Structure formats: C-alpha cells, structure tokens
Amino acid sequence: MHSTTTTTAGAFSADEEHRTAEKALRLNMDPQYYGTFAEIGGGQEVARWFFRVGGAAGTVAKTMSAYDMKFSDAIYGRGSRYVSTERILSMLSHEYELLQERLKESRAEHSSFFVFADTVSTKNYKGTNECHGWLGLRFQASPGSEPNDILVHVNLRDSTNLLQQQALGTLGVNLIYGAFFERQSVDTMLQGFFDSLSLRRIEIDLVLLSGPEFEETEPARVSLALLRNQLCRAVALSPELQPITPSEILHARPIILQRGTFLHAKDQFQQLMKDSEAALLAEGSGKDRLPLGLFELSINSARPDDIADDRELLRRARTLAELGFPVLFSNFVENFRLTEFLRRFTAEPIRFAVGVGTLVQVLRESFYSQVEGGLLEGLGKLVSQGVKVYAFPMTHSDFQKQLQVYGSDESFCSGPEHGPVTAENVKFHGPERHLFLYLLDSASIIPMR
C-alpha cells in the first residue's frame with residue numbers, strides 16, 4: 001500500500017508519484033508511440049519520467065534542451081519571446097520534421113510519431129519573474145495519420161523552482177498519456193491532465209486543440225471546460241471570441257470591469273465603459289496605457305435564479321463581444337476574489353463599474369459567509385490599494401428588482417421613490433450604513449452621474 005502523506009508543502013505523495021510512474025511505464029511498454037522530447041527552461045522533467053521508470057528505448061527517439069538563447073535561436077529561429085505560442089510551435093514543427101525525415105522509412109508503418117515540447121519560466125533565483133510556460137504535443141493518432149496539436153498554457157503557483165519542475169514533469173506525462181489514451185472526450189482528457197495536481201500548484205488557463213482528432217471541438221467550449229473542471233480560476237476570450245490567456249490582456253493594464261449575468265446585453269453596458277474610461281482618465285490614471293474594458297461572468301453566479309450552461313454563457317459572450325470588449329469567465333462568487341486575481345497581472349488602477357443596486361450585494365454580511373473575516377475582510381480586500389467602485393444610477397424599479405435578487409428589502413436599503421437611485425441618495429439602515437458612508441468619504445465608492 002502506498003502512503004498518501006505529503007511531507008513537504010506542494011510535494012507529491014507516494015501514491016501520486018506512483019500514478020505518474022504507471023502512466024510513463026504504460027507508454028514505454030506500448031510499441032506504437034515513439035517520439036522526441038524538447039524542453040527549455042524547466043529542466044527535462046518530463047523526459048526524466050520515461051527514463052526513470054525503465055523501458056524508455058521503446059518511446060524516446062531523442063531528448064534535448066536548447067537552454068542557451070543562441071542555441072535555441074539557431075535551432076528554432078530567432079524570436080522576441082521565448083515563452084510564447086510562437087516558440088512552442090516552432091519547436092514542435094522543427095522536431096516533428098526531423099522525426100519524419102530520419103525515421104519515416106524505418107518506423108512510419110508501425111509507429112505513431114509524437115513530439116512533446118515545453119518552454120517555461122520557472123521561479124528565478126531572485127523570485128522576481130512571472131512563473132508560467134507553454135507545453136505542446138504534436139502527435140499521430142495512428143501510424144501514418146495526419147498530426148494533431150495540443151497547446152497548453154500554465155501558471156506555476158508553487159513557491160520553489162524545484163516544486164515547479166516536479167509539477168511540470170507530472171503535467172507533461174499526463175498530457176502525453178491523455179492524448180493517446182483519454183481523448184474520447186475533452187472533459188475526460190482535461191481531467192486527466194490534472195491527475196496528481198491541484199490549483200494551489202498549477203493552473204491551466206488555455207488549451208488549444210487542432211487536427212483531425214479535434215475537428216468537432218469548439219475552442220471556447222474547451223476554455224469553459226477548463227473552468228468547469230477546476231483546472232483554473234478564470235479563462236479569457238478576445239472580442240473575436242478566440243481563447244487567450246488572461247495575462248495577455250491584463251498584463252500591466254488599468255482595468256475597468258463590469259461583473260454581471262448579462263442576460264440581455266444592452267447599449268448601456270457600452271456607455272458605462274465609456275463613462276468609466278472618461279472618469280479614470282479624469283482621475284489622472286490610464287494616460288500611459290489606455291484602460292482595458294472587460295466584461296466578467298462567473299459560472300458560480302451569486303444570483304440564485306441564474307444557472308447557465310455553456311451554450312447560454314457563450315451566447316451572452318457573443319453578444320457582449322459585439323460591443324468590442326474581451327470577456328473573462330471565472331469561478332469567483334465574491335467580488336474581492338476577482339480583485340485578488342487581477343492583482344496577479346497588474347498593479348495599475350482597477351475600477352468596478354456597477355449599478356448602484358450592486359452595492360446591496362457588496363454590503364450584505366451573508367454574501368461573505370465563506371470568508372473567515374466576514375464583511376469587513378471581504379470589503380477590505382475588494383477596495384484594496386488602487387481599487388475603486390464606480391456606482392452608476394438606476395431607476396427605482398430596477399433598484400427594487402436588484403433588492404429582490406439579492407434577498408433584501410427596504411428595511412436593509414432604500415432609495416427615493418421618484419427619480420433615479422444614486423450612490424448619493426441611497427440609504428442603508430443597519431450598521432452597514434456606517435461602512436457605506438466611510439466608503440463614500442474615502443472615495444472607495446465614487447458616485448457616477
């Protein structure tokens with residue numbers, strides 16, 4: 001029996017290492033799969049598994065690591081970024097061509113060729129770099145067939161270089177194993193990628209599938225599958241509804257964010273973005289880099305009446321994308337958790353653009369039932385340094401609907417019966433009124449007109 005006790009934070013248990021070893025050994029013992037391993041930046045942790053378990057001659061044609069930039073450029077071509085889709089694709093193409101060129105005559109009839117590659121930035125000595133990477137697999141499903149590609153972007157969350165390398169090794173084995181033995185469904189394959197891993201160690205926020213084995217796969221659905229299967233905390237779609245990494249759009253940008261269910265996308269959402277951008281520029285922020293307008297939808301909506309499947313979520317995303325802004329899907333319920341996520345990518349100002357009715361949700365103690373410090377901790381993290389809330393007016397009828405949605409009534413919060421409800425005339429009636437007035441006076445909440 002294998003022990004499941006983990007002796008070091010982030011390290012693998014004996015049982016988890018055993019499962020990874022079994023996968024590598026099964027691949028080594030199967031005479032069909034044969035290929036190259038090319039790994040840059042995170043050691044040769046994936047190839048090491050296949051040598052470690054024995055029988056590697058049945059699987060490994062070549063391993064290499066062009067670690068020096070000049071060597072890498074000489075082999076794969078000069079690039080502006082070494083941890084990028086461009087670099088991973090050039091690695092796959094170069095090594096796959098060599099496999100075909102050198103082994104086609106001797107092995108093509110009975111071998112399914114593959115190339116596994118990764119280009120990774122693990123934690124540097126000073127601990128100042130972004131820890132992330134690209135992994136790729138180009139593989140034949142059967143001997144002589146056209147190749148397929150799986151590209152994976154990861155964020156490395158372990159605290160040390162050694163633990164990050166260990167996680168990469170396991171993910172690489174899982175990726176190769178999943179492509180050959182678990183691709184009967186996208187969900188099954190993605191779940192297999194995360195075997196023996198967890199979100200506290202690694203995040204997969206983008207998977208791109210191409211080739212004859214994945215012709216029926218919708219790219220945006222794959223991104224939502226990552227979120228549904230808890231392989232990441234958020235995924236992003238460009239205004240063209242193409243999956244992209246969150247860091248690609250969020251890095252070092254001032255952000256104007258609208259959270260919502262967006263059951264019906266309206267012109268008002270676009271106007272809120274324009275008004276918020278003007279307000280942020282008037283504050284003196286966002287002059288060096290224009291603010292990023294972003295719509296965010298959570299698959300774990302705080303609204304009990306809103307349970308949306310992937311088809312419905314993508315319908316809303318398509319409507320929002322027509323307004324010209326990217327869309328972020330997340331699994332966050334509380335607003336402050338989104339603040340924490342965004343702060344991983346930018347130190348620039350963040351502004352939540354909300355209707356005044358959303359303040360009812362923000363100030364309800366019951367909304368923070370999963371937070372140890374309750375309302376005070378949640379608010380403190382929400383309006384941390386550089387984060388403010390732009391509160392826009394609502395009609396009285398819309399405000400009443402918001403109260404009902406969040407399980408409140410006018411005994412908790414009320415607005416004037418005539419005219420719009422604004423952050424300046426809304427009234428909270430319990431102890432929350434003191435918090436609300438503080439947030440107004442400190443300009444953490446900014447009334448908008």
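Q: What makes aspartate 73 and arginine 78 a salt bridge?
A: The closest N and O atoms of the pair are 3.9 Å apart. The cut-off is within 4 Å, so the pair counts as a salt bridge.

Q: Is aspartate 73 buried or exposed, and how do you know?
A: Aspartate 73 has 15% relative accessibility. Buried means under 20%, so aspartate 73 is called buried.

Q: Why is arginine 78 called exposed?
A: The relative accessibility of arginine 78 is 76%. The word exposed applies over 50%, so arginine 78 qualifies.

Q: How do you know that glutamate 203 and arginine 344 form a salt bridge?
A: Their side chains meet at 2.8 Å, N to O. That value is within 4 Å, and therefore the pair meets the rule.

Q: What makes this pair a tie between parts that are apart in sequence?
A: Glutamate 203 is in strand 6 (residues 202–210), while arginine 344 is in the loop between helix 11 (335–342) and strand 12 (350–355). The two parts are 141 residues apart in sequence, so the pair ties them together.

Q: Why is glutamate 203 called buried, and why is arginine 344 called partly exposed?
A: Glutamate 203 has a relative accessible area of 2%, and the limit for buried is under 20%. Arginine 344 stands at 29%, which falls between the 20% and 50% limits and is therefore partly exposed.

Q: What makes lysine 381 and glutamate 377 a salt bridge, and what separates them in helix 13?
A: The N to O value for their side chains is 2.8 Å, against a limit of 4 Å. Lysine 381 and glutamate 377 are four residues apart in helix 13 (residues 374–382), so about one helical turn separates them.

Q: How many salt bridges does the rule give, and which residues are linked in a network?
A: The count comes to 25 salt bridges. Asp15, Arg19, Lys23 and Asp195 are linked in a network of them.

Q: Why is valine 426 called buried, and where does it lie?
A: Its relative accessible area is 6%, and under 20% means buried. Valine 426 lies in the loop between strand 14 (413–414) and strand 15 (427–428). Beyond four places in sequence, its contacts include Val356, Phe399 and Phe436.

Q: Why should residues 1–7 not be read in detail?
A: Over residues 1–7, pLDDT stays under 50. Where pLDDT is low, predicted coordinates should not be read in detail. The protein averages a pLDDT of 91, and 95% of the residues score at least 70.

Notes
Residues are numbered from 1 along each chain as its sequence is written. This is a predicted model: local features need pLDDT of at least 70, side-chain atom pairs count only at pLDDT 80 or more; totals for chains, interfaces and linings use all residues. Side-chain values use heavy atoms; hydrogens and water are left out. Buried means under 20% relative accessible area, exposed over 50%, partly exposed in between (1.4 Å probe, protein chains only). pLDDT is the predictor's confidence in each residue, from 0 to 100. Contact means heavy atoms within 4.5 Å.
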